[in-house]
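Let's take a walk through this structure together, piece by piece.

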Amino acid sequence: MFDERLIGHHALREKLLTRLQAGKLAGSLLFAGLDGIGKRRIALELAQRELCFKRSACGACGGCQAFWTDPLPTELPNLLRIAPEGKAGIIKVGAIRDSDLVEGGVIGWAAMAPPPRCHRWILIEDAHRLHGAAANMLLKTLEEPPPGTHLILITHRPDAMLQTIRSRCERIAFAPLSGAETWAVALAQGWVESDREAWTALSAGSLRYLDRDAFNRACAQVEAWLGLAGGAPFREAAGPLIPDRNADQALSEQLRQPLELLLILLNDVGRLRAGGVPFMGPWGAGLGRLASSSANLKAPQDLVHQALRHLTRNPAPEPVLRAIAMSLR
Ligand SMILES: [Zn+2]
């Protein structure tokens, strides 16, 4: 019935399947929820079932295997998957209208009718990176997808999407996974019990830190913020917070993670001061020191929110980080 390798979101998956089978699933859908909680995988599962030799998403047959390749498939007989490209990390006109990715782009691909009782699925990942001309070209297809064709826009930042796009899609909200669900996946991927506390605290119901390097980087960023708050000099402590100019990801997107981590830490300090238990338990000692200091939380919180709002317009991350670090003292 459902692919057993996929954990969580059972009620939601049932609902999507029931509506699909009843012919009542909207043509344009917006899958919204935290980064790394399986939105894309569940979108793929809808398409997988149709190519499955048993028509059930068995997970074992050749049809199902085509959906589990690494990297994931870009095009299958019933699936087209597009994602932001390049350092700027945007979805380009060429993929939507021109033949950069497939003949005729997304619009041409969408126009081909599926065989009777079959569907065609178009996944647009990080749909908040769909802007300007590329977004406008898609409006008509989103408004009225051809019969049997479903567009699934996937995003962890629906607020950053154009209203004209959002309003044409039915929103499907994904809740975070439980700690037990995410840890089951981590265990299967080679994580060990001694990592559990820090891994589940940082992951907060998502799978975004399955990659060891990503996890180590996030840990280093938490420690950098706690060090800076404790008075460590910026030059010595801030290294892990500063985006890497040689990385594939845009500087602004790299900066988002340490800023969001700091908000979690500051909320934890507030929680500790109110007598509560911090989410980031493994860093409780550092958080406790900050909670018992006279540090004012509002100034850094305001600066972080401001920085997040202006992320894409700020080409120089270091002064922003420095100002936030100063406000933590
Ligand atoms: Zn199968």
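A crossing of two helices is called left-handed if the near helix is turned anticlockwise from the far one by less than a right angle, and right-handed if it is turned clockwise. Hold on to that for later, and keep in mind that what you're looking at is a predicted model.

Let's start with the overall layout.

In the segment before H1 you'll find His9. The phi of His9 is positive, near 55 degrees, even though the residue isn't a glycine. For context, most residues other than glycine have a negative phi, and most peptide bonds are trans. Next comes helix H1 itself, residues 10-21, with 12 residues. From its first C-alpha to its last, H1 reaches 17 Å, close to the 16 Å expected at 1.5 Å a residue. After H1 comes Gly23, which has a positive phi too, near 70 degrees.

Further along, look at the loop between helix H3 (62-65) and E2, where Pro71 has its place. The peptide bond from Asp70 to Pro71 is cis, and its omega is near 0 degrees.

E2 runs antiparallel to strand E3 (residues 79-82), and two bridges join them. If you want to find one of the residues involved, pick Glu75, whose bridge partner in E3 is Leu80.

Time to move on to helix packing. Two packed helices are described by the angle between their axes and the distance between the axes. Begin with helix H10 (residues 212-229) and helix H12 (residues 251-273), which pack at an angle of about 55 degrees with their axes 10 Å apart. H10 and H12 are therefore oblique to each other, and their crossing is right-handed. On the H10 side, Ala218, Gln221, Val222 and Trp225 meet a set of H12 residues that includes Pro258, Leu261 and Leu265.

H12 has another neighbour to look at. Its axis and that of helix H14 (residues 298-309) come within 10 Å and cross at roughly 150 degrees. An angle over 145 degrees counts as roughly antiparallel, so H12 is roughly antiparallel to H14. H12 passes H14 in a left-handed crossing. The contact involves residues including Leu259, Leu263 and Leu266 of H12, and Gln301, Val304 and Leu308 of H14.

From H14, step over to helix H15 (residues 317-328). What angle do H14 and H15 make when they pack? The angle is about 165 degrees, and the axes are 8 Å apart. That makes H14 roughly antiparallel to H15. Here's where the opening definition comes back: the crossing of H14 and H15 is left-handed. H14 makes this contact through Ala299, Pro300, Leu303, Val304 and Ala307, and H15 through Val320, Ala323, Ile324, Ser327 and Leu328.

Methods
Residues numbered from 1 in each chain as written. Predicted model: local features only at pLDDT ≥ 70, side-chain atom pairs only at ≥ 80, totals over all residues. Pairing = 2+ DSSP bridges. Helix = DSSP H or I, 4+ residues; strand = E, 2+ residues; numbered from the N terminus. Expected span 1.5 Å × (residues − 1). Axes fitted to C-alpha atoms, helices over the stretch in contact; angles between N-to-C directions. Parallel < 35°, antiparallel > 145°, perpendicular 65-115°, else oblique. Contact = placed C-beta atoms within 7 Å.
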